[in-house]
Amino acid sequence: MTKQLGYLGIDQWGNHFNLEKHPRKELMEQLGYNSCSKMYVDTKDEMVKHVGYVIGNHWINVYRVLEWKDAE
């Protein structure tokens with residue numbers, strides 16, 4: 001099983017946010033806001049997927065960071 005190392009947030013300007021366990025809470029603390037909105041994207045199969053948060057003027061995509069193992 002692949003180990004999860006945390007999360008990475010990237011906003012529309014390329015700013016990076018290193019996050020550990022609670023991405024929404026940690027992003028709001030780092031940016032100094034008390035609330036946020038969820039950000040969604042439409043997929044090819046006509047579904048809607050939650051991809052990040054809008055906090056102030058930042059549109060932040062959040063990615064899970066997983067442990068990398070080389071093939072042996």
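Predicted model: local features only at pLDDT ≥ 70, side-chain atom pairs only at ≥ 80, totals over all residues.
Me: Why is His58 called buried?
Reply: Its relative accessible area is 14%. Buried means under 20%. The value of 14% falls under that cut-off, so His58 is buried. His58 has its place in strand β5.

Me: Why is Trp13 called exposed?
Reply: Trp13 has a relative accessible area of 51%. Exposed means over 50%. Trp13 passes that cut-off, so the word applies. Trp13 sits in the loop between β1 and β2.

Me: What does Trp13 touch, beyond residues up to four places away in sequence?
Reply: Asn57 and His58. Contact needs heavy atoms within 4.5 Å.

Me: How far apart in space are Trp13 and Pro23?
Reply: They are 18 Å apart, C-alpha to C-alpha. In sequence, 10 residues separate the two.

Me: What makes the Asp11 and His58 side chains a polar contact?
Reply: The distance is 2.8 Å. The limit for a pair of N or O atoms is 3.5 Å, and one atom must be able to donate a hydrogen while the other accepts it. The 2.8 Å pair lies within that limit, so Asp11 and His58 make a polar contact.

Me: Where does Asp11 lie, and what is it in contact with?
Reply: Asp11 lies in the loop between β1 (4-10) and β2 (16-19). Leaving aside neighbours within four places in sequence, its contacts are Phe17, His58, Trp59 and Ile60. His58 has its own list, with residues up to four places away left out: Asp11, Gln12, Trp13, Asn15, Phe17, Leu31 and Tyr53.

Me: What makes β1 and β5 a pair?
Reply: Two strands pair if there are at least two bridges between them. β1 and β5 (residues 58-66) have six, in the antiparallel sense, so they pair. Gly9 stands opposite Val62 in β5.

Me: How do you know that β4 pairs with β5?
Reply: Strand β4 (residues 48-55) and β5 have four antiparallel bridges. At least two are needed, so the strands pair. Tyr53 stands opposite Ile60 in β5. Val54 stands opposite Trp59 in β5.

Me: And what makes β3 and β4 a pair?
Reply: Strand β3 (residues 37-42) and β4 share six bridges in the antiparallel sense. That meets the requirement of at least two, so they pair. Here Ser37 stands opposite Val54 in β4.

Me: Which residues take a positive phi in the two hairpins?
Reply: In the hairpin of β3 and β4, with five residues between the strands, Glu46 has a positive phi of about 60 degrees. In the hairpin of β4 and β5, with two residues between the strands, Gly56 takes a positive phi near 60 degrees.

Me: Which residues of helix α1 are buried, and what do they pack against?
Reply: In α1 (residues 23-31) they are Pro23, Glu26, Leu27 and Met28. These residues pack against β1, β2, β4 and β5.

Me: What share of the whole protein counts as buried?
Reply: Of its 72 residues, 21%. The protein exposes about 6000 Å², and carbon and sulfur atoms supply 49% of that area.

Me: What box do the C-alpha atoms fill?
Reply: Roughly 45 × 35 × 20 Å, taken along the principal axes. Among contacts between residues at least 6 apart in sequence, 42% join residues at least 24 apart.

Conventions: Residues numbered from 1 in each chain as written. Heavy atoms only, no water. Buried < 20%, exposed > 50% of the residue type's maximum accessible area, 1.4 Å probe, protein only. Areas by Shrake-Rupley, 256 points an atom, 1.4 Å probe, with all protein chains shown as cover.
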